[in-house]
Amino acid sequence: MSVTTPLRDCQAWKDAGLPLSTSSNEACKLFDATLTQYIRWANDKSLGGIEGCLSKLKAADPTFAMGHVLSNGFELLGTGTSVKLNKELDLAVKKMVEISKAQPLTPREQLHVSAVETLAKGNFSRASDIWEQILLDYPTDMLALKFANTAYFTLGYLEQMRDSVARVFPFWTPDIPLSYCVKAMYSFGLMETNLYSQAEKLAKEALSVMPSDAWSVHTLAHIYEMRGEVKNGLEFMRGTEDQWKTSDMLACHNYWHWALYFIEKGEYEAALTIYDDHVLPSLQNSGTMLDMVDNCSMLYRLQMEGVPVGQRWQKVLPITRKHSRDHTLIFNDAHILMSSLGGGDSKTTEELLTTLKEASEDPGENCQHLLARDVGLPLCQALVETENGNPDRALELLLPIRYRIVEIGGSNAQRDVFNQLLIHAALNCTSSANKNLARSLLMERDALKPNSPLTGRLIGKAKAIHLML
């Protein structure tokens with residue numbers, strides 16, 4: 001991926017109706033370069049990548065407030081760290097606020113600073129409200145749109161994620177840089193709210209403009225997954241691989257989707273090949289939270305299918321272990337816990353559960369810590385009970401929260417691992433009172449996703465233990 005559109009200087013940003021409070025044309029161009037790479041999910045090596053551009057941006061104008069907004073927001077929404085644990089990030093956010101108070105900023109820029117400051121406190125919802133306030137007056141502010149879209153995703157606010165883009169979509173004419181990316185963002189929101197035909201149309205339109213757009217590929221991978229169109233999904237991923245594999249920030253996740261099709265078919269060796277060749281190496285190279293989640297989710301799904309994963313957890317654990325005290329997202333916590341349980345690391349398991357409980361007891365305005373008591377802790381404990389061979393207890397913990405798990409964020413496809421966890425608990429439980437629950441859950445799953453080989457295998461297991469006719 002390389003940036004081909006001319007990077008915007010001070011006057012170009014002003015002409016776009018989005019003036020930036022800096023006199024440095026170089027800073028403005030580097031802001032554009034960083035934002036473009038962020039939106040495209042790919043580091044451009046010719047520019048030095050996102051980190052390189054941010055470093056040069058700060059050097060070009062150390063007091064450029066929007067440069068600090070972009071840097072801090074990018075770090076915080078990556079959800080791999082927090083101001084509580086990362087003192088350098090904490091100081092960076094405070095510096096951003098100080099810089100904003102020491103100079104006259106536009107009202108739009110002031111709102112951006114306020115949103116990121118709010119985000120640093122863990123209040124994703126309030127931060128999103130501020131970004132929406134920006135978008136009312138500046139519908140082509142890509143940074144506000146992207147930050148809000150990502151925050152909604154982490155909150156499990158699927159309709160808001162869709163509608164936020166829908167409200168500004170008509171303003172993004174083809175002549176505006178990155179307009180096809182807005183089409184891709186909108187298609188993903190449509191897909192997550194089950195409007196598959198509309199989503200497919202928009203994703204394909206975006207790909208017609210930019211065939212290498214990894215996010216549109218990603219949306220289509222979801223659509224084939226959710227429709228149960230395994231054959232189409234496999235052909236699509238195989239046929240487009242050369243175009244999206246260089247999008248280093250999303251390639252691992254797209255390979256994860258590719259592997260899900262093989263797990264769905266029961267072709268476990270093919271899935272493990274993708275894992276060994278792409279998913280694990282990507283994590284070892286990047287250490288990003290998205291790559292961690294993909295690794296943990298894939299290995300856990302395979303284990304639920306009864307597939308031996310060998311020593312693979314041991315290669316993941318050294319990376320995930322470092323984040324056992326983060327608690328930036330419940331979604332992340334649950335996946336990190338999968339790795340400590342899978343790798344037999346009882347110390348990390350205990351540390352994660354203990355510190356998550358402590359966070360839930362003093363949540364402040366942190367939305368994830370507020371969610372921990374009622375959803376996060378029961379979900380994590382259910383994973384522990386499953387590992388300890390207590391499916392009845394796991395079922396008791398999961399059943400009351402099954403319709404609230406959406407609140408931990410992630411996509412429908414990602415959270416399906418917890419649907420499967422619930423079904424396996426019901427299949428393995430010993431209580432006669434829950435005898436018919438597995439059957440009911442499987443009938444529900446079959447109705448929502450007909451002709452699923454994975455569901456068929458689970459139904460076969462239920463029949464084997466006389467739970468289904």
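**Entry 1. Terms and source**

I take a residue as buried when its relative accessible area is under 20%, as exposed when that area is over 50%, and as partly exposed in between, with a 1.4 Å probe and protein chains only. I am working from a predicted model, in which local features need pLDDT of at least 70 and side-chain atom pairs count only at pLDDT 80 or more, while totals for chains, interfaces and linings use all residues. I number residues from 1 along each chain as its sequence is written, and my side-chain values use heavy atoms, with hydrogens and water left out.

**Entry 2. R445**

I looked up R445 and found that, at 10% relative accessibility, R445 counts as buried. I place this arginine in helix α23, residues 437–448; helices (H or I, at least four residues) and strands (E, at least two) are DSSP runs, numbered from the N terminus. I then listed its contacts (heavy atoms within 4.5 Å). Leaving aside neighbours within four places in sequence, I find R445 in contact with D416, N419, Q420, I423, L454 and T455.

**Entry 3. Helix α4**

For its 13 residues I expect 18 Å, and the end C-alpha atoms are 18 Å apart, which agrees. I note that α4 is mostly covered, with twelve of its 13 residues buried. Among them I record H68, N72 and F74. What covers these buried residues includes α2 (25–40), α3 (49–60), α5 (87–101), α6 (107–120), α7 and α8. Just after α4, I see T79 with a positive phi of about 55°.

**Entry 4. Helix α9**

Which residues of α9 are buried? In this helix, residues 158–168, I list L158, M161, R162, S164, V165 and V168. Seen down the axis of α9, they fall within an arc of 160°, so they line one face of the helix; the arc is that of the directions from the helix axis to the C-beta atoms. I find that the buried residues of α9 pack against α7 (124–137), α8 (142–155), α10 (179–192) and α22 (412–428).

**Entry 5. Salt bridges**

Side chains of opposite charge can pair when their charged atoms come close.

I looked up E235 and K231, whose side chains meet in a salt bridge at 2.8 Å, N to O. Because they are four residues apart in helix α13 (residues 230–244), they are separated by about one helical turn. E235 is partly exposed at 40% relative accessible area, and K231 counts as exposed at 59%.

I also looked up K265 and E267, which form a salt bridge at 3.0 Å, N to O. I note K265 as partly exposed at 38% relative accessibility and E267 as partly exposed at 32%.

A further salt bridge joins K357 and E361 at 2.6 Å, N to O. I read K357 as partly exposed, with 44% relative accessible area, and E361 as exposed, with 53%. Both lie in helix α19 (residues 346–361), four residues apart, about one turn of the helix.

Technical notes:
A salt bridge is a side-chain nitrogen of Lys or Arg within 4 Å of a carboxyl oxygen of Asp or Glu. The expected span of a helix is 1.5 Å times one less than its number of residues.
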